[in-house]
Amino acid sequence: LTRIVTAAPSATTATHASAECVDTAGRRDFGCTPHNWFSAKLVRFIRDLLVYEGHDQRLHLLRGLAPAWMAPDMEVGLHAAPTAWGQLTFTAAMRAQGFDLALEFKPRHGMRLPPIVLHLPPFLRGVTVRAAGQALPSGGDGWILPDAVCEVTVSWKPAPLPEISFEKVAAAYV
């Protein structure tokens, strides 16, 4: 064989399309959108930014909350997201210097709600997380929400959010 063609589910084209396979001899990719493995991994990646099941038997929320998603009047969330313990629906309604988080959990038959850990970006200062009218202490890498909590209020001190975007990272790289 003079050419080897291999599957490359994690590769993208110059325009971020998924590549079906890559010609290793000619370094050309053959875009064949949609690529199911690529699509599945992309959807899973985005889901994991918002909610994922940790190896610690806890459900982690908003670990990958991006500054671009935190503008006032924006909403970030998932509807009926399947988890190992049941379906989770949540919405973080952004406001200036904080957000209001509404949670709904429908457990699978015989399953209990696991501990839920709320994560916030490290660039926020003076963060206060309140549930059921009480301030929650930070558990090191996040805030453990009380059982059966439905509403959480998050506030932080006024400060400009960092301007992080794909375009700026790509421009800095170039």
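## Contacts and overall make-up

Residues 24 or more positions apart account for 47% of the contacts in the chain with a separation of 6 or more, a contact being heavy atoms within 4.5 Å. The model is predicted, so to speak of local features needs pLDDT of at least 70, while side-chain atom pairs count only at pLDDT 80 or more and totals for chains, interfaces and linings use all residues. Residues are numbered from 1 along each chain as its sequence is written, and side-chain values use heavy atoms, with hydrogens and water left out.

The chain has two helices and 13 strands; these are DSSP runs numbered from the N terminus, with helices as H or I of at least four residues and strands as E of at least two. Of the 174 residues in the chain, 32% are buried, where buried means under 20% relative accessible area, exposed means over 50%, and partly exposed lies in between (1.4 Å probe, protein chains only). The accessible surface of the chain comes to about 11100 Å², and carbon and sulfur atoms hold 59% of that; the areas come from the Shrake-Rupley method with a 1.4 Å probe, and for residues only the protein chains shown count as cover.

## The six-stranded sheet

Six strands form an open sheet with antiparallel pairing, in the order β6-β7-β8-β13-β10-β11. Two strands count as paired if DSSP finds at least two bridges between them. At the edges stand β6 and β11, each with a single partner strand, so one side of each is left without a neighbour in the sheet. In general, strands of a sheet pair through backbone hydrogen bonds, either parallel or antiparallel.

Inside the sheet, β8 and β13 pair in the antiparallel sense over five bridges, and phenylalanine 99 stands opposite valine 154 in β13. Strand β13 (residues 151-155) also pairs with β10, again in the antiparallel sense, over four bridges. Here alanine 131 stands opposite valine 152.

With strand β11 (residues 134-135), β10 pairs in the antiparallel sense over two bridges, and arginine 130 stands opposite alanine 135. These two strands form a hairpin with two residues between them, and alanine 132 in the turn has a positive phi of about 55°.

## The nonpolar core

The largest nonpolar core has 32 residues, and those with the most contacts inside it are Leu61, Leu62, Phe90, Phe99 and Val152. Such a core is a set of buried Ala, Val, Leu, Ile, Met, Phe, Trp, Tyr and Cys residues joined through side-chain atoms within 4.5 Å. Two or more residues come from each of β5, β6, β7, β8 (98-107), β9 (116-118), β10, β12 (143-145) and β13.

Take phenylalanine 90: leaving aside its neighbours within four places in sequence, its contacts include Leu61, Leu62, Val76, Leu78, Leu101 and Leu103.

Threonine 83 is found in the loop between β6 (75-82) and β7 (86-95). Not counting residues up to four places away in sequence, threonine 83 touches Arg47, Glu53, Leu59, Leu88, Phe105 and Arg108.

Arginine 58 lies in the loop between β4 (51-53) and β5 (59-61). Beyond four places in sequence, arginine 58 touches residues including Tyr52, Glu53, Trp85 and Asp141.

## Salt bridges

A search of the whole structure finds eight salt bridges, each a side-chain nitrogen of Lys or Arg within 4 Å of a carboxyl oxygen of Asp or Glu. One of them joins the side chains of arginine 58 and aspartate 56 (2.8 Å, N to O); aspartate 56 is partly exposed, at 37% relative accessibility.

Arginine 63 forms a salt bridge with aspartate 141, the closest N and O atoms being 3.8 Å apart. This pair links distant parts of the chain, 78 residues apart: arginine 63 is in the loop between β5 and β6, and aspartate 141 in the loop between β11 and β12. Arginine 63 is partly exposed, with a relative accessible area of 43%, and aspartate 141 is partly exposed at 39%. Salt bridges that share partners also join Arg44, Arg47, Asp48 and Glu53 into one network.
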